[in-house]
Amino acid sequence: MSHLEFVSALLDAEQTLPKEILSLEGSIVSERFNVYRNNVMVSLIAIIEERYPVVQALVGHDFFRFMARAFVLDHPPLSPVMHEYGEAFSTFIAHFTPVASIPYLSDMAKLEWSRTHALHASDAPSFSANELIPLLADPGRLARVKLTFQPSVVILRSNFAIASLWLAHQHELESDIRSALAEINPYQAEAVLLVRQDWFVSIHLLNVGEALFVLALEEGETLQNSLERAQGEDQSFDLASIMVRLLELGVFTGSALPGDLQTSPL
Amino acid sequence: MLPQRVGLGLKPEHFRDILECKPEIGFFEIHAENYMVAGGPLHHFLGRIRADYPLSIHGVGLSIGSEGELDQAHLLRLKALLARYQPDSFSEHLAWSSHGGTYFNDLLPLSYTHKTLDRVCLHIDQVQQFLNRRVLIENPATYIEFVDSEMDESDFIKEMVLRTGCGLLLDVNNLYISAVNHGRDSHAMLEALPLHDVGQIHLAGYFEDKDSDGMTVLIDHHGAPVSDAVWSLYDCALRLTSQHATLIERDYDIPAFEVLKAEAQCAERYLAGHSVRPFMPNVPRVL
């Protein structure tokens, strides 16, 4: 029996079955083969469903299954590691014309994928705020500090209110979700930071200045340059408030002082 | 080697219960691929649970029956996982799940030809050599058979075990499912297997459906308690085998840990009825 023939029929119900298949009686051959077709499709759709619960809530269960099936046929898994499966869903959604009327759906998928990524990213010890204390007496050195991020940190910027929409969908009651959604303008641009802490991934909304600051740090800019970038766009940028938040969330793993021989940890 | 006890599949929803209550469970089993991630809670909790319990690692994605070569990247991932957790047992399936670079996420059936046997044995040799350990290979649950098969499944398995020195993971549920789906006698199928090479036993629940002509078809879905028919076949298997480490698999509709624990205790009662002893001389040794 050729595996090529088998898999062609597996993903395409119109394909004729491999001729070598035998089951108890001829009439039930296709029903028996359908068990495999069903196992493959149902299990892969279930993985996509589990990974994208808010995308599912936004389009409804039945339509989601239709879209997930199309995705599976377009992007079958290339590896047996199912934690890696489904990353391309947001790009697929961006080109899937039936959902063109929901322009934020693709970014929502990106946010949900980032949650999976953050959950399974490498572990790294968090950097404590105490390690910055020696620098506080020397503002010149403090300004030149560069900070490194936890591997689980993801920063996303969207033209849509993806973080607010995602958070609204975390209510248990359908009525609470509806009233939360009624307050949201989906066309409000948002930035969001995801980080894993105590084995859970949390999602944090950032304002414009905070987003610019965190993105600059992530690019490897010094504290001073990151601060200037944020202040350039946001007059009310509050350095202390965002730094306290980031340190509390444990997003940093270390720091480096370019120009000094001293590197992380301080 | 696993203890002669009953184990349970380890589920993330039970991590905290297990660590808090330290239940009396013989061992835990994980699917290798579910732990192929860089870091995070899966490794954290598995590491802590591993410190307290024997561990079996069960692969579902190696595709030993593939027409093509084994996936080297996957073998490397397995080797790293086994090095990290030092499991008491490693097992895989007599099946294929990849073709031409695509992974189908299901255990697909093989035709039992001499050509397939050569290929499966070559792949098992490669796996055992690369991982530097004996692997157990699980008998499949199947829904179809192939006209080009040249031998019975049991003869295929016997020859595979003989040639490669691998062990048999006797999945009693799969055996029962295949017997019903192909109209065979499950006891005869059991007795035809190389039972002296059983290294572990699996039990699980199936889903019962009907073909359009009214015939029963059993689907291996691991979403229900073990059926009476499988318990009874298990009782026979315990009589005929000397390695009794038994796993209860549950992958869907996962109930509270206590429910699975009660099912494990039920299996422990069967085990207690068959004290472990050397291989029985009145059972023909098939070699």
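The points below go from the conventions to the two chains, then to their interface and a few single residues.

1. Conventions. This is a predicted model, in which local features need pLDDT of at least 70, side-chain atom pairs count only at pLDDT 80 or more, and totals for chains, interfaces and linings use all residues. Residues are numbered from 1 along each chain as its sequence is written, while chains are lettered from A and ligands numbered from 1 in the order in which they are written.

2. Chain A overall. Chain A holds 13 helices and six strands; helices (H or I, at least four residues) and strands (E, at least two) are DSSP runs, numbered from the N terminus. Chain A is more spread out than a compact globule, because its radius of gyration is 24 Å, well over the 18 Å that the globule rule gives for 266 residues. That radius is taken over C-alpha atoms, and the rule is 2.2 Å times the number of residues to the power 0.38. Along the principal axes, the C-alpha atoms of chain A fill a box of roughly 85 × 45 × 30 Å.

3. Domains of chain A. The domain assignment gives domain 1 (1-102) and domain 2 (122-266) in chain A; such bounds come from an automatic or database domain assignment. Taken over C-alpha atoms, the centres of these two domains of chain A are separated by 38 Å.

4. Chain B overall. Chain B has nine helices and 13 strands. Its radius of gyration of 18 Å agrees with a compact globule, for which 287 residues would give a value near 19 Å. The box filled by the C-alpha atoms of chain B, along the principal axes, is roughly 50 × 45 × 45 Å.

5. Burial and contacts. A residue is buried if 20 or more other C-beta atoms lie within 10 Å of its own, exposed if 12 or fewer, and partly exposed in between, with C-beta atoms placed from the backbone. By this count, 46% of the 287 residues of chain B are buried, and 35% of the 266 residues of chain A are. Two residues are in contact if their C-beta atoms, placed from the backbone, lie within 7 Å. Among contacts in chain B between residues at least 6 apart in sequence, 77% join residues at least 24 apart. For chain A, 65% of the contacts with a separation of 6 or more are between residues 24 or more positions apart.

6. The barrel. In chain B, eight strands close into a barrel in the order 1-2-3-4-7-9-10-13, with parallel pairing. From one strand to the next, the twist averages 30° (axes are lines fitted to C-alpha atoms, for helices over the stretch in contact, and angles run from 0 to 180 degrees between N-to-C directions). One of the pairs is strand 9 (residues 167-171) with strand 10 (residues 198-203) of chain B, parallel over four bridges; strands pair if DSSP finds at least two bridges between them. Here B:D171 has B:H202 as its bridge partner in strand 10 of chain B.

7. The interface. How many residues of chain B are in contact with chain A? There are 37, and they meet 39 residues of chain A. On the chain B side, the elements that give two or more residues are helix 2 (41-52), strand 5 (96-99), strand 6 (102-108), strand 8 (145-146) and strand 12 (216-220). Strand 6 of chain B gives the largest share, six residues.

8. A strand pair between chains. Strand 1 (residues 21-22) of chain A and strand 8 of chain B run antiparallel and are joined by two bridges. A:L22 has B:E145 as its bridge partner in strand 8 of chain B.

9. B:L55. This residue sits in strand 3 (residues 55-58) of chain B and counts as buried because it has 21 C-beta neighbours inside 10 Å. Leaving out residues up to four places away in sequence, B:L55 touches B:F27, B:F28, B:R50, B:Y85, B:P87 and B:D88.

10. Most residues other than glycine have a negative phi. B:K22 lies in the loop between helix 1 (15-21) and strand 2 (27-31) of chain B, and B:H222 in the loop between strand 12 and helix 8 (228-240) of chain B. B:K22 is exposed, with 11 other C-beta atoms within 10 Å, whereas B:H222 is partly exposed, with 18.
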